[in-house]
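Here is a short briefing on one protein chain. Please keep the sequence and the model in view while reading.

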Amino acid sequence: MTNVDLFNNKIIDLIDYITNTSVKPYDLSRYLLLSTFDFIAPESVYIAKINHEGQMSPVDGFGFDLNKYREYLNFPIGCELPICECIKNGEANLVPNLEYWYQNYAKYFELEKIGKWQSIIAFPIRKNNLSIGAVTVMGTKTFDVNDALINFVRTISSLVTLQISRIPDGSFGSIEFN
């Protein structure tokens, strides 16, 4: 099976999941970890929104201890971190390995000291062509960046945005989707 076939199957599976169940952010993050991004053996998925102070703040997630990572979960959107950069540029930010992390983000923290993380996939949640939040998937396996992966993550980002927009007001913090 090629990467394209694998990614297409994962897209179909996610569509099936979000159209056949009532999915809240916790459920969505759990599904992304256990199924959609299983090829990078994710340890955690973090869903954040931009709050009124211009900070990234947690909405929900799966696979991490909120108390253990609390100091890393609220930060200014101006930080040069994958989750912030994907929000600022409106595109996925792919960190395929620790070498890439240390070349670009090491001033913030040593990634492997926080978890078993070896890679990151961060993508925006958008509304009206503006990023309103983001999802970060922390993987324990490295990956190669290629066109198939980039297109896959773009599609997943759109599907996650669609699902978040279907959540009744109040379930995604103070963000309104009307």
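The model is predicted. Its chain has 178 residues, and 47% of them count as buried. Seven helices and seven strands make up the secondary structure.

**Overall layout**

- Read from the N terminus, the order of elements is α-α-β-β-α-β-α-β-α-α-β-β-α-β.
- Take the contacts between residues at least 6 apart in sequence: 58% of them join residues at least 24 apart.

**Helix α7**

- Helix α7 covers residues 147-165, which is 19 residues.
- From first C-alpha to last, α7 reaches 27 Å, close to the 27 Å expected at 1.5 Å a residue.
- Asn146 caps the N-terminal end of α7. A side-chain oxygen of Asn146 lies 3.1 Å from the backbone nitrogen of Ala148.
- The buried residues of α7 include Ala148, Leu149, Phe152, Val153, Ile156 and Ser157. Further along α7, Leu159, Val160, Thr161, Gln163 and Ile164 are buried too.

**Helix packing**

Two numbers describe a pair of packed helices: the angle between their axes and the distance between the axes.

- How do α1 and α7 cross, and at what angle? Helix α1 (residues 3-20) and α7 have axes that come within 10 Å and cross at roughly 5 degrees. An angle under 35 degrees counts as roughly parallel, so α1 is roughly parallel to α7.
- On the α1 side, this contact is made by Val4, Phe7, Lys10, Ile11, Leu14, Ile15 and Ile18. On the α7 side, Ala148, Leu149, Phe152, Thr155, Ile156, Leu159 and Gln163 take part.
- Helix α2 (residues 25-36) packs on α7 at an angle of about 160 degrees, with the axes 11 Å apart. That angle makes α2 roughly antiparallel to α7.
- The contact between α2 and α7 joins Pro25, Leu28, Leu32 and Thr36 of α2 to Phe152, Ile156, Val160, Gln163 and Ile164 of α7. The crossing of these two helices is right-handed.
- The axes of α1 and α2 come within 11 Å and cross at roughly 155 degrees. The cut-off for roughly antiparallel is over 145 degrees, and α1 and α2 are therefore roughly antiparallel to each other.
- From α1, the residues in this contact are Lys10, Asp13, Leu14, Tyr17 and Ile18. From α2, they are Asp27, Leu28, Tyr31, Leu32, Ser35 and Thr36. The crossing of α1 and α2 is right-handed.

**Strand β6**

- Strand β6 spans residues 130-139 and includes Gly139.
- Gly139 has 0% relative accessibility, so it counts as buried.
- Leaving aside neighbours within four places in sequence, Gly139 is in contact with Ile40, Ala41, Pro42, Lys116, Trp117, Gln118 and Ser119.
- Gln118 is 21 residues from Gly139 in sequence, and their C-alpha atoms are 5.8 Å apart.
- Is Thr136 buried or exposed? Thr136 counts as buried, because its relative accessibility is 6%.
- Not counting residues up to four places away in sequence, Thr136 touches Ser44, Val45, Tyr46, Ile83, Ile120, Ile121 and Ala122.

Most residues other than glycine have a negative phi.

- Asn128 is not a glycine, yet it has a positive phi of about 50 degrees. Its place is in the loop between β5 (119-127) and β6.
- Asn129 is in the loop between β5 and β6. Asn129 also has a positive phi, of about 65 degrees, although it is not a glycine.
- Asn128 counts as exposed at 65% relative accessibility. Asn129 counts as exposed at 66%.

**Ile77**

- Ile77 lies in the loop between β3 (75-76) and α4 (82-89).
- With 23% relative accessibility, Ile77 counts as partly exposed.
- Beyond residues up to four places away in sequence, Ile77 touches Ile50, Gly54, Gln55, Met56, Cys84, Ile87 and Lys88.
- Ile77 and Glu53 are 24 residues apart in sequence, with 9.4 Å between their C-alpha atoms.

Methods: Residues are numbered from 1 along each chain as its sequence is written. This is a predicted model: local features need pLDDT of at least 70, side-chain atom pairs count only at pLDDT 80 or more; totals for chains, interfaces and linings use all residues. Side-chain values use heavy atoms; hydrogens and water are left out. Helices (H or I, at least four residues) and strands (E, at least two) are DSSP runs, numbered from the N terminus. Buried means under 20% relative accessible area, exposed over 50%, partly exposed in between (1.4 Å probe, protein chains only). Contact means heavy atoms within 4.5 Å. The expected span of a helix is 1.5 Å times one less than its number of residues. A polar contact is a pair of N or O atoms within 3.5 Å; within protein, one must be able to donate a hydrogen and the other to accept it, and residues adjacent in sequence count only if both atoms are side-chain atoms. Axes are lines fitted to C-alpha atoms, for helices over the stretch in contact, and angles run from 0 to 180 degrees between N-to-C directions. Angles under 35 degrees count as roughly parallel, over 145 as roughly antiparallel, 65 to 115 as roughly perpendicular and the rest as oblique. A crossing is left-handed if the near helix is turned anticlockwise from the far one by less than a right angle, and right-handed if clockwise.
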